[in-house]
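Here's a quick look at one structure, taken a topic at a time. Have the viewer open as you read.

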Amino acid sequence: METISLTASLMGFAFIWYITIVYPPAHRILRNKKTYNIFLFFSILSPILAITVYNSQMLQNRKETAFLSLYLLIFLVLYKYFDNCIFKKNGRNIYFKVRYNSVWKDEESDKVTSREEWFNFILIFLPLILCYALKYLILDLGIENHFQ
């Protein structure tokens, strides 16, 4: 069960880095409501799995990676919020800029505003920072001892 939790967390992590850095036009799949809901369900299930297998006898690095399960959930919530902000301001969905545009040509990428670039940057790092902050609060400050 612990391996399933770790695998789910790492798959979410890989998905986010793929659509924000490797091939940004892939984020278009999240515009489909059904696909978004599937990813949202998966992102909610992943922390539930991490919580069910969590115990105080786990190795420290396994405890730390359990917090990565929140990465996809935080990303999806922020993505939807930023998409709604751009939709209200520009009347269209959020676009991500294709960096290193030697391989892929993308028309949407040419229309990216600076606000969307900031949102893309925030989507890459803020969920990771929030996961690390939560890990710091619970593991490093010893709050986990209060819950036992």
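## Cysteines

Searching the whole structure turns up zero disulfides. Keep in mind that this is a predicted model. For reference, a disulfide is a covalent bond between the sulfur atoms of two cysteines.

Cys131 comes in at 3% relative accessibility, so Cys131 counts as buried.

## Helix 2 against helix 4

Two packed helices are described by the angle between their axes and the distance between the axes. Here, helix 2 (residues 33-53) packs on helix 4 (residues 69-90) at about 145 degrees, and their axes are 7 Å apart. The crossing of helix 2 and helix 4 is left-handed.

Who makes the contact? On the helix 2 side, the residues are Tyr36, Phe39, Leu40, Phe42, Ser43, Ile44, Ser46, Pro47 and Ala50. Helix 4 brings Ser69, Leu70, Leu72, Leu73, Leu76, Val77, Tyr79 and Lys80. Sorted by type, the residues of this contact between helix 2 and helix 4 come out as 13 nonpolar, three polar and one charged.

## Zooming in on Ser69

Ser69 lies in helix 4 and is one of the residues in the contact with helix 2. Is Ser69 buried or exposed? Its relative accessible area is 3%, so Ser69 is buried.

Setting aside neighbours within four places in sequence, Ser69 is in contact with Ser9, Ser43, Ser46, Pro47 and Ala50. Among these partners, Ser43, Ser46, Pro47 and Ala50 belong to the helix 2 side of the contact.

Conventions. Residues are numbered from 1 along each chain as its sequence is written. This is a predicted model: local features need pLDDT of at least 70, side-chain atom pairs count only at pLDDT 80 or more; totals for chains, interfaces and linings use all residues. Side-chain values use heavy atoms; hydrogens and water are left out. Axes are lines fitted to C-alpha atoms, for helices over the stretch in contact, and angles run from 0 to 180 degrees between N-to-C directions. Helices (H or I, at least four residues) and strands (E, at least two) are DSSP runs, numbered from the N terminus. A crossing is left-handed if the near helix is turned anticlockwise from the far one by less than a right angle, and right-handed if clockwise. Contact means heavy atoms within 4.5 Å. Ala, Val, Leu, Ile, Met, Phe, Trp, Tyr, Cys and Pro count as nonpolar, Asp, Glu, Lys and Arg as charged, and the others, Gly among them, as polar. A disulfide is a pair of cysteine sulfur atoms within 2.5 Å. Buried means under 20% relative accessible area, exposed over 50%, partly exposed in between (1.4 Å probe, protein chains only).
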